[in-house]
Amino acid sequence: MFTIRCPYCGERDQSEFSNGGEAHVARPKDPEQISDREWSEYVFIRANPKGIYYERWVHTHGCKKWFNAVRNTSTDEILKVYKMGETPPPLKEFKNTIKTPSGEPDVGSGNFSVKKP
Amino acid sequence: MTESKIYFKFDGKKYAGNEGDTIAAALLRNNVRLIGRSFKYHRPRGIYTCGIEEPNALVQIINEHNEPNVRATVKKIYEGMIVKSQNRWPSLKTDLGSINNILSPIFSAGFYYKTFMGPKGFWKNVYEPLIRRTAGLGKPPKEFKSKSIHQHHNVEVIIVGGGLSGLLAARKFAGTNYDVLLVEREDALGGVLKNADKIKSINDQPTDEWLEKTERLIRNSNNIKTLKNTLVTTYNFSDHLIALEDKNVGKPQDNEKPELVLHKIRTNHTILANGHIERFITFRNNDLPGVMLAASFEKYLNRYGVVPDESPVVFTNNSSTYSLLKSLTDLGHKPKAYIDIRDQKNIEKETVELLEKFSIPFYPKSEIEGCEGQKEVKKVSIRTKKNQITKIKTSMLCVSGGFNPDIHLFTQSKGLLKWDKDHLTFKPDRIFQKTITLGSVSGNFSYEKLLVEVEKKLSEFEGLNELEVKFELNGPEKFQIKELWETKHEKKSLWSKSFIDLQNDVTTKDLRQAVNEGFNRIEHLKRFTTNSMGTDQGKISSINALGIVSKILKKDISEVGTTTYRPPYSPVNFSAIAGRSTYEFYDPERKTPLHSWHVKQNAVFENVGQWKRPWYFKKSEDETMHQSVQREAEQVRKTAGILDGSTLGKIEIKGKDALTFVNLMYTNSFTKMKPKTGRYALMLGEDGMVKDDGIVCKINDQHFIVTTTTGNAASVLAHMEEYAQTEWPNLNVYMNSITEQFATFNLSGPKSRVIMSRVFNDIDFSNDQFPFMSFDNFKYLDTEIRILRASFTGELGYEIYVPPSHALKLWQKFFIYSRDFDLVPYGTETMHLLRAEKGYIIVGQDTDGTVTPIDLHLNWMIGKKKKDFIGKRSLTRSDIVRENRKQLVGLVPIDKTLGIEEGQHVIEHKDLSLPIKDPVDMLGHVTSSYFSPNLNHSVAMALIRSGKRKIGSRLFVSTENLNTIAVEVVEPNFIDPKNERMML
C-alpha cells in the first residue's frame, strides 16, 4: 500500500510497480567457467533479510523502466531510489532509520501493540 | 411539533418512526426491545448501544438484496423498508434453537475443536450442515449488480472524526493553505455535542449555535472538504487511509447512482479525533434485552429524541453517568435507582446533589449482581455495600463501565499503546506514522485540557487560525473511575450466564476454562474462545476481557497486552471493495478483428488469457464438440483449413545489436540465418526450463519479429525488457509489442498452396520461390501484408499477417476462392489435436516449468556453439543431465478402440493396488490426449521418468474408474514422421 518514487515518473502507487527481487546480483560473466554450485547460487539463492534490503522494481503500469530501491522490509519504508547502473548507496547511510515499529526482534514477526515495559 | 412519520416493517409488522431515526431508535420509539437471537445459545437479544459498536441488534434488510448483519443502531429507516430479525426459527419470540442454552455445558470454549473429530465423513455430511443451520447470523444476500465506486484523494491533512476535537482542529485549518479532508461517520457533525448534554455553552452561546457557526465556517472555507456518513475503516502504512461512504442514508437504494463509495486517501498528516467507545460491565445475564450502555441511552435521548425507558436503573463505576441523570431529570423522568460501585466520599458532589434533589434511590459501594427475566429485564439484583442482595423491578438497566479511546485506527497505523492507570484503559503512546491524536482518542477526557492539547499538537503547522473557545460545562469536569470488570454470580443455573462477548456468546466462564486449559497468551485465548472475533470486534468488551484475564493470570494488564487490531475497523461490503470491477468490467475481453465472423459461424469460444478464441465451430445445432473437432481435423488434412491466429503475441525487435540480443534470448543460433527466413525457437528461463516458444523471423541483423504463445505475450516482452535494461544495458536494442497491429491467419492443408495462389495471384508460391520457413512482405490493396510459410499442423501451411482493418475482407476472400475445396475454419481444439498428431508441444500443457529442451528431445534447437544464452549454463547442471528425468514420449493404446485421459498417471504394472497400503509407483502423467480422426485411434503425449529409454516398451495408464489400459510407448510423432507433407 505504499508509494514508490519512480526515478523517471515520480511518486506513484505501489500497485503500478512489480518487485524484481534482490538487486546487484550480477549475472556471471562467463557462466561456462564456474561450478554448478556457483551457478545455482546465482540462479536460485537470494537474500531475504528483515531490515535494509537492496532490491529491484519495475514500473510495470507506467514507463516500464527498471530501477533499484533500498527498502526497510520490516516497515516497508523506501529509503532510497536510484537508476540502474548507478552506484548503490552504502549501508551505513541508513543506520539511523527506525528498525521496526515496536522494537520487535531482528528475526520473526512481532505484532506488539503495547509498549514493552 | 408535527413531524412526518416514516413507515417500515420489522418481522412483518408495520411501525412508524421519525425522519433520521435508525432502525433501533424507531423500534425503541415503538417499545420494541427484542431484536434478535444470539449466535450460539439463541438467547433473546436487544439493543445494547446506539452506534457502530453494536454487538446484538443485527438485522437483515430484505428489500436491499437481503443484506445481512446490518446494525440496527446505524442503518436509518426510510419509507417501505422491510427489516427482519436473524438467527431464529420459527419466530423471534419462540425460537427452537434456544435449546442450545440449556445444552450450554457442552458448548463451552473450544467446543467445535473438541467435538467434531469423527467418524470420517461426519463433518461434511452431518456436523457442518447442522452447525450452519443453528449457528451464525444472517442469511447470505442475493446477487445484485453493485454500482459502488472508488474515489481517490490526495490531501495534506485528514481529520478523522467531526466531533468536538475534530471540529476544533478543522477551525484551526479553516481558510488556510492546507488541503484538508474532514471525515465524519454520522450524518451530522458534532459527535458528543449532539449525543449528550455535557457542555452547557461554548463562547456563551448554546452548543447548537456554535456547531452551526462552525459548520458554516468549514463549508465556506475552500480548503476543507467534508465527507459525512463516511467511516474510516483502515489506516495503512505510508499514510494511506480507506473510508467507506454510504450514499443511501435514509433512502432506498437508487438504481442509477452508486450506493457506496470507497475512498482511498493519501495524506501527509493524519489527525485522529475519532473519540471513544463506552464499555460494559459483566454480570449475570448482562445480555438480556433492556440492558443498555448508559451513554447510548443518553444518545437516544439527545440525538433522536427517543426515551428508551422513563425510569431505568443506572449502574456505573465512573463519573460520566451524571449527564444521563441530568438529561433524564430535565425531561421530567426519574431513574428508578442509581448504583455506583464507588465509595460515597469518592462520588462527585454534582451527582450526589442531583440524586438528593430528585430523591432517586442511591446505592453507593454497591453493584448489580444480575438480571432476571425471560425475554427481557424484569428485575435487577443488587449487592449492596453491606453485601446483601436487594431486588428492584425495572424494565431497563443502563450500564457504564468506563471509556476506551477508540484506538483501533491508531494501532492499525502501528502506533504503540500504553496503559492509563487513571482512566483504566489503553491509550496511544508512540506514533509510528505522521499521526496526531486529539481528544478522547488520545486518552484526554477533559474539555479544559482539550484546547491546550489542540494548540500544542497542531503547533507544527504554520499559519493556522487562533482558537477562541471557552466552555461552560454541565457537571463534573474531572473523569473518575474505579476498576470493575465483572461482578460475582450469586445464582447458578443453566440460564444464568455472564457474557464477555455478546455477539459470539463467550462467557467469563469460557475465559477461565481457556486459561485453565493453558491458553494463557491473549492471542491464543482469543482464538480458542472466539472472544472479540465477531463483526463488532468486541468494541465494548475486549478491554474487559483483558481485565478479567489479567486478574486470572495475576498479571498487570499492560503485560497481558492487547490482541492485534487489524483493518477494517468495521465490516466493509464486498461490493464496495469490488467497485466497478464486476461483470463485464471485471477483466477486459479482447476480441480479434474476425470476432463477428466467428459469431455468425456458430463458433463456441474459449478464453485464452483475456482473449476470446473460437474453440470449435458448430456446423449444425446438434453437432457435438467431438463431432465438430473430428470434422475440422479431418478436413484440414484432406484439403485445407484456416485458423484465426491473431491472438498470437508478436514482438518487434530493432537496434544495432538486435542479433546479439535475440541470440541471447533464444536457444537457437540466428547468426547464420538468412534474411527473410524464420525459425522455430525456444526461450528458456535462467534455470534452463522452457518458458515459451515461437517463430523468430529475421528481416535483417538489426530487425527481428518474434511470435509468442497467446498467453505469454506480455510476460515474454517483460522478460526481454528486464534483460535489456538490467543485464545488457550496453546493447542497442528496442522492443515493441505489435500483437494488435496484425491479424494473423494460419492456412494449413495440402490444398493451401493452390488457395494462396488464387487469393494472391501475383505471388509465386512454388517451393523454389517460397520455401518452408521463408517469408516476405507484399503489397496488398493500399497496405502491406507479410506471408510466412510455416506449419503447426504438419501440413503445408502459410501464415498471413494483415492489418486489422483489412482482415475481415481478406478472410472472406479465402472462402470465396476455395469453395471447391471446402476450406474449413477451425478452432483451438482442432489446432491442439492436429499438433498432437505431429507431437508438437504446447508450452504450459506439455510443459510445466520443470521441463528442459532436452526432456522434450529438442536438442537440435540448442545453439551449442553459442557462447551464452539465457539458461544455457543450467542445461549442464547435474540435475538437468540426469538420465531418469521425466521426458516427453508418445502413447498409443494397444486396444485401438480405447481412449486415454489427459492428466492420468502412467504406471508400470497393470494392477492398481490399494493406494494407501502399497502406493503405486507413478512414472509420470499424460499431458495431451486426442482421438485422431486421421489415424482412427487415440494419440497421447506424456512426461514419464526415463521416457527416452522406455520407447518401444509397454506401460499402463490409469483411468477414471481406477482401471488401467495398456499403452505402447512411441516417439511423439504419429503422422508423417518424415515431414513430407509440410515440405510438399
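This is a predicted model: local features need pLDDT of at least 70, side-chain atom pairs count only at pLDDT 80 or more; totals for chains, interfaces and linings use all residues.

Q: Why is helix H24 (residues 828-838) of chain B called largely enclosed by the rest of the structure?
A: A residue is buried if 20 or more other C-beta atoms lie within 10 Å of its own, exposed if 12 or fewer, and partly exposed in between, with C-beta atoms placed from the backbone. Because 10 of the 11 residues of H24(B) are buried, the helix counts as largely enclosed; among them are B:Met831, B:Leu833 and B:Leu834. The cover over the buried residues of H24(B) includes helix H19 (625-638) and strand S47 (922-932) of chain B. Helices (H or I, at least four residues) and strands (E, at least two) are DSSP runs, numbered from the N terminus.

Q: Why are helix H13 (residues 508-516) and helix H14 (residues 522-529) of chain B called oblique to each other?
A: Their axes, which are lines fitted to C-alpha atoms over the stretch in contact, with angles running from 0 to 180 degrees between N-to-C directions, come within 10 Å and cross at roughly 120°. Angles under 35 degrees count as roughly parallel, over 145 as roughly antiparallel, 65 to 115 as roughly perpendicular and the rest as oblique, and H13(B) and H14(B) are therefore oblique. Their contact (C-beta atoms, placed from the backbone, within 7 Å) is made by B:Asp510, B:Leu511, B:Ala514 and B:Val515 of H13(B) and by B:Leu525, B:Phe528 and B:Thr529 of H14(B).

Q: What makes H13(B) and helix H15 (residues 542-553) of chain B oblique?
A: The axes of H13(B) and H15(B) come within 10 Å and cross at roughly 40°, and the two helices are therefore oblique to each other. In this contact B:Thr508, B:Leu511, B:Arg512 and B:Val515 of H13(B) meet B:Ala545, B:Ile548, B:Val549, B:Ile552 and B:Leu553 of H15(B).

Q: How do you know that strand S38 (residues 703-708) of chain B is mostly covered, and which strands pair with S38(B)?
A: Five of the six residues of S38(B) are buried. Two strands pair if DSSP finds at least two bridges between them; strand S35 (residues 649-654) of chain B and S38(B) pair in the antiparallel sense over six bridges, and strand S37 (residues 690-700) of chain B and S38(B) do so over four. B:Glu652 has B:Ile705 as its bridge partner in S38(B), whereas B:Asn700 stands opposite B:His703. A hairpin of two residues joins S37(B) to S38(B).

Q: What makes up the side of chain B that touches chain A?
A: The contact takes 32 residues from chain B and 24 residues from chain A. On the side of chain B, the largest share, five residues, comes from helix H21 (713-727).

Q: How many helices and strands does chain A have?
A: Chain A comes to one helix and six strands, and its elements run β-β-β-α-β-β-β from the N terminus on. Buried residues make up 16% of its 117 residues.

Methods: Residues are numbered from 1 along each chain as its sequence is written. Chains are lettered from A and ligands numbered from 1 in the order in which they are written. Two residues are in contact if their C-beta atoms, placed from the backbone, lie within 7 Å.
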